[in-house]
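Subject: A structure to look through, with notes

Hello,

Here is the structure I promised to pass on, and my notes follow below it. Please keep it open beside the text as you read.

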Amino acid sequence: IATLKDNLYLIDSVDEQNGTFIKKFNNNFFEIESNMVIPIEKGSNFNLKKNQYIIYPYNLVDGKAFLKSEQQIQLESPNAFEYLLHVKSLLLQRSGKYSNDNWYQFGRTQALTNFKEKILFPTNTDKPQFRLSKCPSLFYNGYAINGIKNVELTQDGLEVLLIILNSSLIYHEAGLLK
């Protein structure tokens with residue numbers, strides 16, 4: 001995904017026991033409702049000790065993402081709406097065209113529904129660094145492989161591909177192994 005302001009959408013802390021999601025902005029803390037939060041992974045992050053979450057202002061319907069209306073957010077997620085209002089001026093500074101109806105949407109609409117298992121890897125790296133993401137999450141700051149030539153791979157297929165991608169064969173073919 002591409003929010004064009006990740007720091008404004010990424011959740012800062014989570015109390016997993018209480019299911020509480022906290023967003024900090026200008027020394028204010030906002031408790032964001034769980035119906036506005038989804039799991040996300042950073043393509044370049046290989047430290048998998050901590051789950052990451054993001055504010056997700058979309059409804060999923062039949063595998064498609066639709067931007068929630070301001071009224072829906074205000075009614076169903078008043079804390080999230082209050083937070084979004086606090087950062088509205090910053091969100092409007094992003095590149096792109098935003099109006100009174102969509103100022104809180106992500107910067108681009110790609111991959112808003114890519115919750116499937118996938119192989120993640122960083123945008124820039126000097127060696128193969130591929131990892132399998134099994135949790136249903138979106139991803140940012142990196143790339144993902146779900147299949148080959150529009151064929152979705154099973155988990156077994158992804159695991160086999162992961163072994164190949166992280167092997168010395170890839171190092172050799174990339175000219176990194178002499």
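How many bridges join strand β4 (residues 37–42) to β10? There are three bridges between them, and the two strands run parallel.

Before going further, please note that this is a predicted model, in which local features need pLDDT of at least 70 and side-chain atom pairs count only at pLDDT 80 or more, while totals for chains, interfaces and linings use all residues. Residues are numbered from 1 along each chain as its sequence is written, and side-chain values use heavy atoms, with hydrogens and water left out.

The sheet

Strands β5, β4 and β10 form an open sheet of three strands in that order, with mixed pairing; two strands count as paired if DSSP finds at least two bridges between them. The edge strands are β5 and β10 (138–140), each of which pairs on one side only. One of the bridges involves E41, whose partner in β10 is F139. In general, strands of a sheet pair through backbone hydrogen bonds, either parallel or antiparallel.

The chain as a whole

The chain has six helices and 13 strands, where helices (H or I, at least four residues) and strands (E, at least two) are DSSP runs numbered from the N terminus. Of its 178 residues, 39% count as buried, which means under 20% relative accessible area, with exposed being over 50% and partly exposed in between (1.4 Å probe, protein chains only). The C-alpha trace spans about 55 × 35 × 35 Å along its principal axes.

Helix α3

In helix α3 (residues 78–86), the residues A80, F81, Y83 and L84 are buried. They cover an arc of only 160 degrees around the axis, so they lie on the same side of α3; the arc is that of the directions from the helix axis to the C-beta atoms. What covers the buried residues of α3 includes α1 (6–9), β2 (20–25), β3 (28–32), β5 (52–55), α2 (70–76) and α4 (88–91).

Residue P57

Leaving aside residues up to four places away in sequence, P57 touches M36, F66, L67, K68, I73, Y104 and F106, a contact being heavy atoms within 4.5 Å. From C-alpha to C-alpha, P57 and S89 are 17 Å apart in space, and they are 32 residues apart in sequence.

Best wishes
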